[in-house]
Amino acid sequence: MTYAFDPELAPWAPRLAPIDYGDLATARPRLREVMRRQAMYQPRHPVETVDTEVPGPDGAPPVPVRLYRPSGHDEDLPALLYPHWGGFVTGDLDTSHSSATRVADEVGAVVISVDYRLAPEHPYPAALHDCYAVLEWAAHKAADLRIDPDRLGVGGLSAGGGLATATALLARDRGGPRPCFLFLLFPELDDRLETVSARAFTDTPMLDRPNLLLSWRHYLGEGIERGGDDVPELASPARARDLSGLPPTFVGVCEFDPLRDEGLDFAQRLIQAGVKTELAHYPGTFHASIGIEAAISQRMLAAQVDVLRRGLGAVLS
């Protein structure tokens with residue numbers, strides 16, 4: 001297809017072929033290399049980082065996390081649980097390092113980055129249960145972490161957004177710690193891939209339909225058929241029949257992204273369920289183009305900071 005990309009993004013499109021999830025031995029180091037080549041965010045103020053481990057779900061290993069805290073704040077700060085992107089099958093703590101540093105610095109919040117277990121070695125619900133274990137830990141250890149448990153949100157980009165959504169749903173259903181805010185940017189939410197954008201955008205930069213098919217096949221594992229009636233709602237949050245009781249939510253989508261319409265549909269259903277919801281559609285963009293040096297990408301980053309400040313009740317001094 002021919003796409004009307006933003007003029008500043010168009011020259012990048014031919015160079016940004018999706019990482020092949022069919023060859024994970026190559027895909028995982030390839031993502032690490034892609035992230036290493038990107039310009040690292042340089043914070044305006046010092047940001048402290050600490051790597052630690054959190055007790056995992058029952059019978060599972062500890063979950064590695066990286067904490068980002070803006071320096072010079074003695075008071076309890078808001079916090080954001082931030083699972084990384086990578087199609088459920090690639091990525092680690094370094095994947096979202098630059099992004100998490102930016103959020104900590106510009107929002108003024110503690111960011112809790114989660115190195116959840118990856119599929120297909122660890123299919124659903126391993127990654128979700130890891131994220132939920134970290135959410136419980138953060139809420140219970142709020143005083144030690146110097147965070148405000150009433151201003152603890154969850155959020156993520158792409159697969160990280162799907163895991164953030166499922167974590168919020170699980171917290172609601174279990175009566176666990178209730179996030180104050182849900183931040184979703186081009187989230188991966190629906191295994192069925194039946195929307196107009198999912199069917200039409202088969203050759204888009206960064207993410208295309210063939211890779212989405214592989215992503216879901218790996219994540220759901222051997223015993224669950226993608227698109228089948230037995231896919232659990234918490235695996236594919238777009239299937240959740242009841243969205244009431246979720247926290248206020250921001251959903252941002254890119255125009256030429258296979259995930260566009262499932263994000264739009266999810267935002268509409270949130271509104272219909274009575275959830276306070278803010279929606280942004282970025283014309284001319286494609287999946288993850290927020291990472292490219294372009295004016296529209298800078299606007300997306302500025303909106304991310306503004307939305308998180310408001311959603312987490314962050315006040316920079």
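The model examined here is predicted. Pro43 sits in the loop that runs between helix H1 (24-37) and strand S1 (47-54). Leaving aside residues up to four places away in sequence, Pro43 touches Thr101 and Asp105. Arg30 is 13 residues from Pro43 along the chain, and the C-alpha atoms of the two are separated by 26 Å.

A helix pair comes next. Two packed helices are described by the angle between their axes and the distance between the axes. Helix H2 (residues 97-107) packs with helix H9 (residues 295-312) at an angle of about 60 degrees, and their axes are 10 Å apart. H2 is therefore oblique to H9. The crossing of these two helices, H2 and H9, is right-handed. On the H2 side, the contact is made by Ser99, Arg102, Val103, Glu106 and Val107, while H9 contributes Leu301, Gln304, Val305, Leu308, Arg309 and Leu312. Six of the residues in this contact of H2 with H9 are nonpolar, two are polar and three are charged.

Attention now turns to the interior. In soluble globular proteins, nonpolar side chains tend to be buried together. The largest nonpolar core in this model has 98 residues, and Ile112, Val134 and Tyr219 have the most contacts inside it. Not counting residues up to four places away in sequence, Tyr219 touches Phe88, Ala119, Pro123, Tyr124, Ala127, Leu128, Leu163 and Ala235. A second, separate core has 11 residues, among them Leu9, Phe201, Phe286 and Ala294.

Key. Residues numbered from 1 in each chain as written. Predicted model: local features only at pLDDT ≥ 70, side-chain atom pairs only at ≥ 80, totals over all residues. Heavy atoms only, no water. Core = buried A, V, L, I, M, F, W, Y, C linked by side-chain atoms within 4.5 Å. Buried < 20%, exposed > 50% of the residue type's maximum accessible area, 1.4 Å probe, protein only. Contact = heavy atoms within 4.5 Å. Axes fitted to C-alpha atoms, helices over the stretch in contact; angles between N-to-C directions. Helix = DSSP H or I, 4+ residues; strand = E, 2+ residues; numbered from the N terminus. Parallel < 35°, antiparallel > 145°, perpendicular 65-115°, else oblique. Left-handed = near helix turned anticlockwise from the far one by under 90°. Nonpolar A, V, L, I, M, F, W, Y, C, P; charged D, E, K, R; others polar.
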